[in-house]
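Let's walk through this model together, going from strands to sheet to helices. Have the sequence and the 3D view ready.

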Amino acid sequence: MRNMPGALGALRGHGDKASFEGGTHIRLGTLVTIRWIAILGQLSTILTVHYLLGFEVDIVLAGLAVAASALINLALTLLYPASRHLTDPQAAMQLGFDLVQLSLLLFLTGGMTNPFAILMVVPVTISATVLSRRSTWILLGIAFVASVILAVWHLPLPVWEVEVYMPRIYLIGSWAGLAFTMIFLSLYAGRVSADARRRAQALAATEAALEREHKLSELGTLAAAAAHELGTPLGTITLAARELMRDTPTDDMRYEDISLINDQVTRCRRILERLSTKDLGDEEHPFAIQTIEALAREAARQFDFLTDVTITVTATPLANDDSEQPLVTRRAEILHALTNFVENAVGFAKSEVTVEIGWSPRAIRVVIADDGPGFDPVVQKQLGEPYVTTRRDGMESDGSKPVNATGDTGLGLGVFIAKTLLERTGATVRFVNGIEGGAIIRINWKRDILEEAL
């Protein structure tokens, strides 16, 4: 086993543990299973064509090509666990071997005139869905070179003692059709898979952010419960400490220690009393029902001392409505989203950010605007998609990596998370540029959707 073939040698030197650095989501067992299916299909086709149909096939060379694939598969099965996750180069090497092995079989059986030549798109398509763009382009290049060779040099197509003549224009058309099919499937499958992976990662980040908000909201209840449970044993300790102090003479050397214990137990009880009456998850808002204006002011308050930008929050009814401002349930999703949008506005504003709340009998609206440069037209239509950042060109004017008001670098996930959270509450979110400049975020709810949660 010292001189292993490429497909097996790609795994040599990495030990028995899977290398997840630069890894993919594809398992070794998956590729091994696919290759066993391909081996079974190749072997049955060759035997059927040669023995059942009576076509002339170089059965020895074709058998050796299939045997090489089977030996590689057998070695991989014996040496490595099926659950092993392959790195990108390892998976590319496996698919590259499959592509070369298939090309060899096609060379022995008619080249591009063989109807099974279309199978060359399979390794390239698999690469486009699970591997990096670099690996896909390498496999696509190998497939192109192999298809050109097969179009020019190949053994005759197995037939019944009749020479089949394929016009040159047909061979060129077959090659062009195969080439365009590989390019189209690679681009299409690669784009769809990349979007799916990014959206899955972004949704996972959204769930994590939402869970963090809920945990913060539940922290106050947890603290109150802990205070209640610890109150009884601390009361017992306090009673025992006081009795010891009463029965111990003041000149006794143990009196100071008992007095210290009594003081510290009393301090613990005071701390627990504060915890039991304080909602840490909603410290400044003891009521679960409040207005959108209150949520907006809470979202803006944390940036008052982080920047020189003025943040103004106003609330006025929309046209022809004199009703009171509606009350809504204080929801972590809305607070998190408003905080993120205000943070982005502060990061781009020159001097001012405005948050306008409006309402009517049928709708509730929040408009967040800044006097900055506005949204980049290149990405404006894609805002709200994962990893689409509002930072122009992804860099600041001095060439440094952009940061927001809290010092975090912009990766584009914040806007996606905020938009997704708001849409879960029934809101619609639009990103537009102001007529006189600046970015504007418009958030609209149907009033009954927010009020029915009360």
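**A sheet and its helices**

Ile-357 has Val-366 in strand 7 as its bridge partner. Strand 6 (residues 352-359) and strand 7 (residues 363-370) run antiparallel and are joined by 7 bridges; strands here are DSSP E runs of at least two residues and helices are H or I runs of at least four, numbered from the N terminus, and two strands pair if DSSP finds at least two bridges between them.

This is a predicted model, where local features need pLDDT of at least 70 and side-chain atom pairs count only at pLDDT 80 or more, while totals for chains, interfaces and linings use all residues. Residues are numbered from 1 along each chain as its sequence is written, and side-chain values use heavy atoms, leaving out hydrogens and water.

Now step back to the whole sheet: 5 strands make an open, mixed sheet in the order 4-6-7-9-8. At its edges are strand 4 (310-315) and strand 8, each pairing on one side only. Strand 8 (residues 428-433) pairs with strand 9 (residues 439-446) in the antiparallel sense over 6 bridges, Val-432 having Ile-440 as its partner in strand 9. These two strands form a hairpin with 5 residues between them, and Gly-437 in the turn has a positive phi of about 105 degrees.

What lies across strand 4, strand 6, strand 7 and strand 9? Helix 9 (residues 292-301) does, running at about 175 degrees to strand 4; angles run from 0 to 180 degrees between N-to-C directions, with axes fitted to C-alpha atoms, for helices over the stretch in contact.

Conventions. Contact = heavy atoms within 4.5 Å.
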